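User: Hi, I have this protein open and would like to walk through a few spots in it with you. Could you help me make sense of them?

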Amino acid sequence: MAVIRSSVISVTKKEYDTSVAQQTADEAKNETIEINKTLTEVDKRVSEAQSKADESLEKAQEGFDKGQSAIDDLANLKIGSNNLLPNSSFKYGFDNWEGAKTSPYFIRDAEADYPSAAILRILKNNDVSSAKSNAPIKIGLQKQYTISFDIRFIDNVPEQNKSIFIVRTFINATLPNTEGNAKQQRVITTSELGNKLSTGVWYRTSVTVNVEADFLRVVAHNSDTTATVTTDYRRIQVEEGNIATDWTESSSDIDKAVLLVDNKTGAIAGRVTDAEGNITTLTATAQGLQTSVKNKADSSTVTQLANLVNTKVSNADFESNKTQTAELINSTVEAVTIGESNYLYDSNFKSGAKDLMATSSAQARTFWRNSTTNGTIKSIVPMIENGFTAALKFKSAGTGQHMVAQDFIPCKKNQSVVLSGWFKAKAAGQGIQVQVGQGNAASDLDTYKGATFVASKANTWQKFEFVKVTDADTFTGVFLGGHNQIASEVWFANVKLEKGEKSTPWSESDFELASQSQISQLADNINLKVDKNGIINQINISPEGILIAGENVWISGKTKIDDAVIKNAMIDSLSANKLTAGTIDAGKINVINLNASNISAGIITGANLAINLNSGEVTFQKGIIQRADKLFSIDVTKGVIESYDSNGGFTISKGEITLNSSPELTIGNSKKYGTITYKWRLLDASGLALIGEEGFSLGTSNAVKNIANSTVNQGSAISGNKEGYLNVFSRQVINLSSGDLYSYGSLNSKSLASIEIGNTSRNKSEVAISANIITLSATSGDHILLSSDSTGALVQSMVIYNRTYATAANVYITQYGNMGRSTSASKYKLAIEEDKTDNYKNILKLKHKTWYDKANTEAYARALDDKDTFDWDNPADEVLPVERIHGLIAEDLVEAGLTEFVSYGELNDDGTKEVEGIQYDRLVVPLLQIVKDHQIEIEKLKERIK
């Protein structure tokens with residue numbers, strides 16, 4: 001017990017940084033109130049012990065023995081002192097936590113039951129198990145440490161004996177976090193939580209480890225690999241000892257707090273209370289036992305006085321100790337300089353984008369409203385950097401004011417206020433603009449004053465601070481936005497408006513605190529109020545009257561009300577002659593004679609049925625409403641509605657509509673046709689599900705499809721069966737479209753990627769595929785691509801390119817883009833004859849020329865113009881190097897009279913054809929004739945030489 005006393009005294013003597021006093025001062029004051037309550041209770045118990053001090057010495061000896069046993073039990077307890085795990089609340093994001101800070105790891109807001117403990121969520125994963133561990137903690141060798149945590153499962157519950165948490169110790173802090181490097185490893189599994197686990201339920205468990213190394217890691221481990229289980233963790237605690245106490249933040253996380261009272265000693269209070277009945281009995285013993293309880297934890301100093309019979313507990317001494325303790329705490333609290341409250345609602349933007357409301361300023365006090373725009377994009381985005389919850393993002397054009405505002409903030413004239421917060425910009429030199437003033441009251445506006453701040457570094461959080469002296473005695477306002485002259489992309493976080501000329505660390509507005517208590521005393525009014533989770537209980541006394549308001553009000557003594565209206569009550573006993581109006585429950589009274597014609601208003605109530613004659617409402621507790629033929633019925637007990645005829649019908653039950661051949665509820669032996677329900681992840685989609693047992697069909701009432709005869713097809717329909725056949729039919733066109741809009745044609749028209757089947761706008765009985773890029777794939781990586789580049793449309797296929805043959809080229813493309821095989825066999829030719837002309841020698845007139853390809857050169861030039869955005873590695877935007885090409889010019893062949901070796905395009909208006917290219921493969925023909933002539937000349941020369 002002496003250890004507990006020294007721990008509490010040392011806390012009160014610590015010197016704390018007052019920079020975060022606002023965050024904890026209220027807690028300290030509440031602690032003082034709780035201490036006084038505890039001391040009052042202890043005072044009562046000590047007084048009861050004093051009254052028993054005159055009991056017999058035999059009972060005293062018995063009490064002494066029991067007290068000694070209780071003291072021994074307390075001495076053997078090893079109670080944890082401080083949470084050794086930094087950032088166990090995750091309020092600083094992933095600080096002190098190793099590994100990835102992105103999916104599957106997320107930090108979620110704290111929930112109402114523990115508002116100071118954020119939640120670590122590990123998403124379900126179908127590849128590998130996922131784990132998040134802390135940075136190594138320095139611990140004491142050969143000591144006991146207890147690790148405790150909350151865990152909750154989302155979507156599904158893992159199998160038994162699955163790992164959910166791991167504790168590892170290491171001899172060196174630099175060793176990687178693996179089982180092989182660990183000195184010890186303790187795995188906590190699902191079986192340690194119990195046999196029947198449920199989703200959405202928090203479970204808390206703990207484990208004690210006798211450590212054999214100097215460093216410790218804890219690992220939140222989602223070992224499920226079936227992609228069905230998401231796991232939440234919170235309130236993780238590592239403490240010395242073998243008892244798990246209530247979770248607190250690490251002292252390193254609260255190093256700027258004032259008057260920290262370690263709430264884990266509440267666990268000791270419970271144990272002292274259990275033993276108190278035995279300890280207080282010692283006051284009557286001949287040996288003597290003095291108990292003095294001086295603080296919140298019921299810290300007790302037990303002095304065993306041997307051979308003393310007349311020792312007693314002094315009530316006056318106790319009062320003195322209690323007073324000294326309270327004064328010590330109060331004086332410490334009063335010595336602290338308290339920062340002002342934050343005047344801004346939702347100052348950390350935790351409410352999300354819903355607060356960026358487009359509304360008038362007269363409505364904006366508890367949320368942020370859109371102000372001027374000028375091309376500004378505003379949004380609220382998650383932000384876990386620097387311990388933030390969310391951030392307000394601006395993307396502005398730098399062309400004037402573009403802000404969000406919060407108005408109607410009460411102020412006094414000539415009062416200094418300071419607006420502070422954090423901002424970062426996408427690039428150095430970008431900045432923000434802030435303003436204070438223009439509170440939008442009806443009159444006497446506080447004139448606004450503003451300032452701009454420029455980021456010195458890109459993507460780096462910087463603090464801003466702006467002081468304004470108000471010049472009105474009504475309201476002021478706050479405006480936040482991007483720089484009014486520099487195009488900027490910036491973020492705001494943790495904004496604060498407070499009294500004074502120097503900012504203090506950010507804290508949430510008092511108006512948004514989850515619970516408050518308040519005592520107000522004025523000359524003409526006394527008000528006691530407690531506000532928790534939006535529920536207000538209060539007592540107000542004023543000259544006009546007394547108000548008692550609360551969720552539950554208990555009056556235990558005799559009460560007399562001279563004049564009252566009781567809207568709803570349960571009265572234990574009542575004389576019938578006191579009743580003058582209202583509703584009488586016939587189930588509670590006996591009526592001798594009742595004329596039904598006299599029942600004209602009120603409620604008729606039975607065990608299972610109530611009929612309100614005024615509203616027409618009929619309420620059933622249980623039972624069945626059904627037609628005589630049992631083909632229509634409503635079962636109130638089971639919550640089932642059925643309606644049928646000779647062709648079948650439907651049953652509505654448990655959120656589903658089931659189509660059957662006959663009523664299952666009243667007749668049975670029905671055949672199930674199908675179900676309409678809300679199906680989760682049916683074919684990787686969620687929403688309304690139409691499920692047929694044998695098959696299904698969905699279509700218009702006039703749908704007819706008949707290919708076998710001349711029946712006119714009409715309407716539209718979709719049908720399928722369980723064998724795997726799906727039929728989609730439409731008389732005119734089936735259109736499947738999706739994706740982003742893309743541009744096409746010379747008019748830059750817009751369209752979606754689509755497949756049209758049927759009577760399209762271009763043709764009848766057509767299948768048309770339209771898209772920016774069309775890919776026809778057979779296997780992975782093998783495809784034919786239809787797309788376009790800066791030059792025009794193209795067909796691309798590495799499959800064709802990579803398939804090679806040792807034959808001559810034989811593909812020809814006509815002037816209309818038709819592609820076919822070029823042949824040479826006589827079976828494909830008519831009127832074959834020998835060419836007897838001699839113009840083949842004109843080929844010798846042709847000159848070898850070089851050039852640059854015009855289209856490729858222009859495409860390359862466009863790419864150079866857009867070199868910062870052009871994707872050189874994209875095959876669809878391929879641009880060949882600009883190189884000189886060697887060959888012949890088609891117009892030279894025409895001039896030489898070799899027109900038969902020229903390719904032509906479309907006819908011109910004058911009847912001539914446009915020259916397009918050269919049939920290079922056929923130029924070998926005149927060359928062949930020239931070689932023959934040369935061979936003849938050679939032979940003649942040889943003869944002459946002989």
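User: Where does Asp740 lie?
Analyst: Asp740 lies in strand S40, which covers residues 733-744; please keep in mind throughout that this is a predicted model.

User: Is Asp740 buried or exposed?
Analyst: Asp740 counts as exposed, because its relative accessibility is 70% and the cut-off for exposed is over 50%.

User: And how far is Asp740 from Leu752?
Analyst: In sequence Asp740 and Leu752 are twelve residues apart, while in space their C-alpha atoms are 6.2 Å apart.

User: New topic: what about the nonpolar cores? Which residues have the most contacts inside the largest one?
Analyst: The largest nonpolar core has 33 residues, and Phe165, Val218, Tyr233 and Ile236 are those with the most contacts inside it. Several strands give two or more residues to this core, among them S1 (105-108), S6 (163-170) and S10 (230-240).

User: Which strand gives the most to this core?
Analyst: That is S5, which gives five residues. There is also a second, separate core of 27 residues, including Ala455, Phe464, Phe466 and Val490.

User: OK, salt bridges. How many are found in the whole structure?
Analyst: A search of the whole structure finds 20 salt bridges. One of them joins the side chains of Glu98 and Arg217, with an N to O distance of 3.1 Å. Glu98 is in the loop between H3 and S1 whereas Arg217 is in strand S9, so this pair ties together parts that are 119 residues apart in sequence.

User: Are those two buried or exposed, or something in between?
Analyst: Glu98 is partly exposed, with a relative accessible area of 26%, whereas Arg217 is buried, with a relative accessible area of 3%.

User: Which residue does Lys424 meet in a salt bridge?
Analyst: The side chain of Lys424 meets that of Glu385, at 3.1 Å from N to O. Lys424 belongs to strand S17 (residues 416-425) and Glu385 to the loop between strand S14 (377-382) and strand S15 (390-396), so the pair ties together parts that are 39 residues apart in sequence. Lys424 is buried, with a relative accessible area of 7%, and Glu385 is partly exposed, with a relative accessible area of 35%.

User: What does Lys496 pair with?
Analyst: Lys496 forms a salt bridge with Glu498, and the closest N and O atoms of the two are 3.6 Å apart. Both Lys496 and Glu498 are buried.

User: How far is Glu465 from Lys496?
Analyst: The C-alpha atoms of Glu465 and Lys496 are 9.5 Å apart in space, although the two are 31 residues apart in sequence. Glu465 has its place in strand S20 (residues 462-469) and counts as partly exposed, at 29% relative accessibility.

User: Last one: which residues form the negative surface patch?
Analyst: That patch is formed by Glu833, Glu834, Asp835 and Glu900. Glu834 lies in the loop between strand S47 (819-821) and strand S48 (849-851), and at 66% relative accessibility Glu834 counts as exposed.

Technical notes: Residues numbered from 1 in each chain as written. Predicted model: local features only at pLDDT ≥ 70, side-chain atom pairs only at ≥ 80, totals over all residues. Heavy atoms only, no water. Patch = residues over 30% accessible without salt bridge, like charges linked within 9 Å, V, L, I, M, F, W, Y side chains within 5 Å. Areas by Shrake-Rupley, 256 points an atom, 1.4 Å probe, with all protein chains shown as cover. Salt bridge = Lys/Arg side-chain N within 4 Å of Asp/Glu carboxyl O. Lys, Arg positive; Asp, Glu negative; His and termini not counted. Charge placed at Lys NZ, Arg CZ, Asp CG, Glu CD. Helix = DSSP H or I, 4+ residues; strand = E, 2+ residues; numbered from the N terminus. Buried < 20%, exposed > 50% of the residue type's maximum accessible area, 1.4 Å probe, protein only. Core = buried A, V, L, I, M, F, W, Y, C linked by side-chain atoms within 4.5 Å.
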